[in-house]
Amino acid sequence: SGQHPRTYWDQVRVVGELKSNPDKDGRDRTFIQLANYMREIFGTQPQRCWAFGFTLCGSLLRIFRFDRSGALGSTSIDIHQQPKLFLGAMKFFLTPDSEAVGFDPTIRWNPFNTVVDVVYDPTVHFYRICHSFIVRRYAIATRGTVCWRARPFDQPDGSPWVYVIKDQWRAFERDQEGDILARVTPETVGLPKYIWHTDVRCGPTGSVMDVAGHVRKGIDHGAQDKGRTWIRRLTDTSRNLYKTTDDGTRLQKRVKTRLIMSPLGYPLLAFTSYRHLLLALRDAVLGHRHMYTEHNIVHRDVSLNNILLHPQRGTPAKFPYGFLIDFDFAIDRARLGLSGADFITGTFRYMSIDVLTGDMSEPHSPIQDLESFYYVLLDIAIHYD
């Protein structure tokens with residue numbers, strides 16, 4: 001207020017929650033308040049691999065590191081009895097090393113036109129950068145999907161954005177979306193054009209950027225149960241926040257992946273006429289049919305946000321008008337085994353009745369996806385203003 005400049009979440013590196021009462025240390029409510037701040041950081045800085053935070057209740061300090069699989073917390077530290085440890089933590093929070101505090105080292109920029117590019121870190125500058133995300137998630141333990149508009153590096157300022165770069169922390173058990181889209185012939189009706197994809201790698205050894213190795217540095221999370229890794233609950237009062245079976249909750253194994261595709265589409269609700277809407281839905285259905293009949297792929301997450309309008313509208317008798325995106329949950333029907341991921345598949349509002357009720361005796365079929373297309377149209381017909 002007044003003459004003081006505002007602070008935005010995309011300028012914040014580390015967050016803390018202060019309490020005067022030491023009894024608040026290690027309690028669910030204190031941790032939840034800190035996690036709410038962390039959700040804002042991950043929402044406005046989706047390029048973060050992890051972020052640090054702390055709680056200081058009276059003289060009791062705890063340090064937390066949040067990532068896309070949840071959080072790790074330290075034991076309680078009395079800052080009067082261990083002042084050097086406290087000062088060391090505060091000094092680290094002020095480090096100029098952007099990678100050390102969790103920024104993705106593979107995303108770089110050159111804001112001052114210097115010889116060497118540096119890790120993209122919006123918090124070290126005194127002006128606000130207006131990010132232009134297409135999609136981002138306000139959550140912590142999730143895929144953390146973020147999409148940017150992009151164009152070739154050597155194109156001049158003002159050139160059109162022709163590509164979409166999609167970063168996410170996919171579940172280790174799931175197939176890469178890029179592997180699926182790479183099968184598609186360019187210019188196939190109702191589908192995006194695949195450009196390139198990879199599991200993101202970094203460091204001198206080119207190791208995969210994953211939660212277990214890159215983020216948590218191979219920390220031993222305790223007992224193994226059928227190949228799954230378990231971690232201890234963070235707070236003393238956890239009853240509902242974390243499963244306490246086997247004294248822990250399962251570590252969600254995640255790997256950062258990057259996908260480049262085109263074109264840059266528009267939201268389905270930006271249609272200009274009912275015909276425009278129906279033609280876009282038609283194209284998306286044709287793309288869905290192609291994936292199944294030609295590649296045996298079933299999408300499994302047909303929803304309003306996963307159908308886009310094509311920027312180059314054709315004529316009523318020709319293409320393109322729309323296309324289907326987001327094959328994160330897609331499966332190859334020829335695969336004999338299950339993915340092993342225990343997450344709910346699909347978007348609740350558009351799931352088929354069989355998926356919702358769990359009355360499925362066979363794997364997800366294209367018929368159930370067609371039912372989801374119907375619910376998308378029904379949702380627009382009922383709620384569109």
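Helices here are DSSP runs of H or I with at least four residues, strands are E runs of at least two, and both are numbered from the N terminus.

This is a predicted model, so I kept in mind that local features need pLDDT of at least 70 and side-chain atom pairs 80 or more, while totals for chains, interfaces and linings use all residues. Residues count from 1 along each chain as its sequence is written, and side-chain values use heavy atoms, without hydrogens or water.

Next, the geometry. The axes of helix 5 and helix 7 come within 11 Å and cross at roughly 165 degrees (lines fitted to C-alpha atoms over the stretch in contact, angles from 0 to 180 degrees between N-to-C directions). That makes the two helices roughly antiparallel, a label for angles over 145.

Then I listed who touches whom, with contact as heavy atoms within 4.5 Å. On the helix 5 side I found Leu281, Ala284 and His288 among others, and on the helix 7 side residues including Asp369, Phe373 and Ile380.

I also checked the length of helix 5: its 22 residues (274–295) should span 32 Å, and the end C-alpha atoms are 31 Å apart, which agrees (expected span is 1.5 Å times one less than the number of residues).

Key
Parallel < 35°, antiparallel > 145°, perpendicular 65-115°, else oblique.
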